[in-house]
Amino acid sequence: MYYLSIAPLNKSEAFGLAAKDESGVLSPFRFTRRETGEKDVRLKVLFCGICHTDICMAKNEWGITTYPLVPGHEIVGVVTEVGAKVTKFKAGDKVGVGYMISSCGSCDTCTDDQENYCPKMVVTSGGKYYDDTITQGGYSDHIVCEEDYIIRIPENLPLDAAAPLLCAGVAVYSPLKYHGLDKPGMHIGVVGLGGLGHVAVKFAKAMGLKVTVISTSDRKRDEAISRLGADQFLVSSDPEQMKDATGTMDGIIDTVCATHPLVPLLGLLKYKGKLVMVGAPDKPLELLVFPLLFGKKMVVGSMIGGIKETQEMIDLAGIHNITADIELISAAYVNTAMERLAKADPKGETTFGTKRGPEGPLYKDEENKYTRDLDSVLEKEAFGLAAKDESGVLSPFSFSRRETGEKDVRFKVLFCGICHTDLSMAKNEWGFTNYPLVPGHEIVGVVTEVGAKMTKFNAGDKVGVGYMVSSCRSCDTCTDDQENYCPKMIVTSGGKYYDDTITHGDAAAPLLCAGVTVYSPLKYHGLDKPGMHIGVVGLGGLGHVAVKFAKAIGTKVTVISTSDRKRDEAISRLGADQFLVSREPEQMKDAMGTMDGIIDTVSATHPLLPLLGLLKYKGKLIMVGAPEKPLELPVLPLIFGKKMVVGSMIGGLKETQEMIDLAGKHNITAEIELISVDYVNTAIERLEKGDVLKKEAFGLAARDTSGVLSPFRFARRETGEKDVRFKVLFCGICHTDLHMAKNEWGVSTYPLVPGHEIVGVVTEVGAKVTKFRTGDKVGVGCMVGSCGSCDSCTEGLENYCPKMIQTYGGLKYYDDTITYGGYSDHMVCDEGFIVRIPDNLPLDAAAPLLCAGVTVYSPLKSHGLDKPGMHIGVVGLGGLGHVAVKFAKVMGIKVTVISTSDRKRDEAISRLGADQFLVSREPEQMKDAMGTMDGIIDTVSATHPLLPLLGLLKYKGKLIMVGAPEKPLELPVLPLIFGKKMVEGSMIGGIKETQEMIDLAGKHNITADIELISAEYVNTAMERLAKGDVRYRFVIDVANTLKPTP
């Protein structure tokens, strides 16, 4: 590390070294510090450490730098002045300032003394202070800081070598303390021996820990052991050394910022071991989930520490004379030091050793294999279905079971669940199957015989067997009732028993695997407290059971899936509270930071970054699905949110019994399809795929990203009790249809039938339908289902329900059928999502109102912008904008249309009735209109500046975004702050609002301006829509022009 010595100047005037651009070159810079406030401390900077973060910020490598920038957050010096209300410090005190200089002081993280995770934390260099000034760091002569963010430096510590501890020191001290890795005698690994790593070794040794330094080469062995006092040195590229150290460490502090493999490190951890990331690689790291599952291990991030921790750390450093190893430099040498630091970056220093197979119960330890008196082992004939080779095909198989021993139970198998593990094992997808193999570890039946010393069970008892049939009973995991992590655990199917025979499964109740697999992590990780918010990723064999147990425990449950197709099933049938489509950025954004924990049941490769974003501070992402390939693990979310990724595999026997008892209490069972033995191979094929049925329909579908629509036959579901079936007469073409057809948002599933502006006539109603009858004129908009019970639904805003089912998009309905839109001959929809069309409205021109109409009506109503005499701006005069003008005018509002050119002035005022027209590129017009509008409806989907629009708003004015630009817009914050203004989004409207809107349209004869087209013209219309060549909405004459192909 490098440190600079700086000569002082005056009080308010400051002098330092600043980066002026992305070259990162530092040069002299004069600036001002604020005056010393009542609670402020002013200190003369004597030394400042150079952190790698300084390089990143100076060169704007993270894209957040504001120039000029004075770096430095490892600052030490002497107090020269204190404010009138300062009580902790006085002139002459030796003090320091670390990574932050302020926080809100009132949020959960601040009250938890973890100000470093406060959302409003102000960083020492390159942040914005409360007065909107850029904070400038310690490469300067002096600094001013609130006393609560000042650290007292022990008298015995040399200031120059103490400076780096204010960042590097607390960055390694904090996770050791927080994760309970500070107990004398524990074994800790430290990856990397750089600025963070060498300090980590010193603190760990001071705590009485055994320390092993892990590096890619032998180069720093002597330094680590002889000079820093590490106990061992491990070369990660040496397979033998890594093998010998497998399962020996309680925790590992990973300080490396370069991309490197995690699997070898996870292999070094003991059961329940913690891999703590304090280095921050730019790119996601590959995370193989198996080591987490089979060892209950976790990967967690940690970022610096709170002020209390920092003071504790520096006090401990004082007690043990811990300092950083430094090279003291002059200010003139800083740019050279930065260059040297960049070259010494551990990119290429750390490439860990070769990947190994999953460690765990399926790897037998030959040297410690159990023995028993084989003479006492007799055999009984059994019959089952076995895979004989990697085809995985099951066929009849006769084999032997052992005689019933003294402590054994023999039972007749009545049922056995089929787990995805059975499929993987039958096909040897994991590479350790022994053939012939009889799968099955979800086994239930009735006891037929018990051994002489059996006390727990009697003949006739209903019993079950799960994933394992034995363990050592004496290791730490067994005594901890976690036999599932015992190194000698024997699996039910495909393992070896004590007598060296292959274990064979049978048939079972899914709770004995799936149930305990999700119940165990909820209990173990403290996610079973009523009122907690739990996410469940995937709604398959594990996921649906996870929802049931989490609800029985009293937690709030959100199901997370890649599509909407299981929304109804999750909410209506399983009782989940919310449904989140992970491919919907807005849904994911709204849910950010809301969950205490997530149970990830998915076995396919999938991104972890979006899931980590959903977690609260200290949240836990628990992997119970087992992807074959490593997942990309982004480390920054772990570090900046103290979040963790941890694995969990089934549960111990005690947990399994607790789980099944809870299931009995709450009548929890798995959703099953009971099959015959003859059907097993077909069932396994179906397990790899999935299928459905129902009533024939005809429409136009996109088959690929070309977006070209062509004839398509498909099935609609049968008319359910609460369903309405109607003949589609007309369907509007929305710009969303174009995006979805071409998969421009990355969420489309083909084939895709677009259309969510659908009108027609009812042809059939379900037995319990009360609102509609045959012959009614009706419509369907953007959604066809929601949970009906969440806050959004109870407020009549089903459009914001996390489990809202969109009308089309390759999503699935509650019954697992694909939703297809209105470019089709007929529709089926729950009556709760059908809208009645007023008799006086022409159906063709009314169709677009079901999307465009409610999209502009809803924000006018919900934001109180519907009061006569108010002044509303409408940005853009397209499909949404022209309808916005019409609705605003019938509400008695003054309307100004805002556009980039004068081209549509006459149309806006003379034909649509707008009061004014404003050209946004005309500075004088914009200036004259400043501060005149109560609200603005922004319908534009292209990238455009918001600052001019915010200027048009009055105090407390509202800018409501209903257009959806693909790229982020620049949001200037000052106009919001100084005008109490708001920028808000609005998406369509709820069913109640939609009916209100269409009724108002009927009352005032409001319709969209349309161009009626034939079904044959749709592809041409799509091309014209992409070019903006429509005024204002295309509508397909479905009934008269969509003809089924032979």
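Helices (H or I, at least four residues) and strands (E, at least two) are DSSP runs, numbered from the N terminus. With that naming, tyrosine 1032 sits in the loop between helix H32 (1018-1027) and strand E49 (1033-1037). The peptide bond joining arginine 1031 and tyrosine 1032 is cis, with omega about -5°.

Some ground rules. This is a predicted model, in which local features need pLDDT of at least 70, side-chain atom pairs count only at pLDDT 80 or more, and totals for chains, interfaces and linings use all residues. Residues are numbered from 1 along each chain as its sequence is written, and side-chain values use heavy atoms, with hydrogens and water left out.

Confidence next. pLDDT is the predictor's confidence in each residue, from 0 to 100. The protein has a mean pLDDT of 86, and 91% of its residues reach 70 or more. Confidence is lowest in strand E1 (residues 2-5), with a mean of 42, and highest in strand E42 (residues 871-875), at 98. Over residues 345-379 pLDDT stays under 50, and the model has 73 contacts (heavy atoms within 4.5 Å) for them beyond four places in sequence. Where pLDDT is low, the predicted coordinates should not be read in detail.

Proline 436 belongs to the loop between helix H12 (420-426) and strand E22 (443-450).

Lysine 272 has a relative accessible area of 25%, so it is partly exposed; the classes are buried under 20%, exposed over 50% and partly exposed in between (1.4 Å probe, protein chains only). Asparagine 743 also has a positive phi, near 55°, and lies in the loop between helix H22 (735-741) and strand E36 (758-765). Because its relative accessibility is 23%, asparagine 743 counts as partly exposed.

Strand E40 (residues 826-830) is mostly covered, with four of its five residues buried. Strand E35 (residues 723-733) runs antiparallel to E40, and five bridges join them; pairing requires at least two DSSP bridges. Lysine 727 stands opposite histidine 826 in E40.

Last, helix H30 (residues 974-979), which holds isoleucine 977. Isoleucine 977 counts as exposed because its relative accessibility is 55%.
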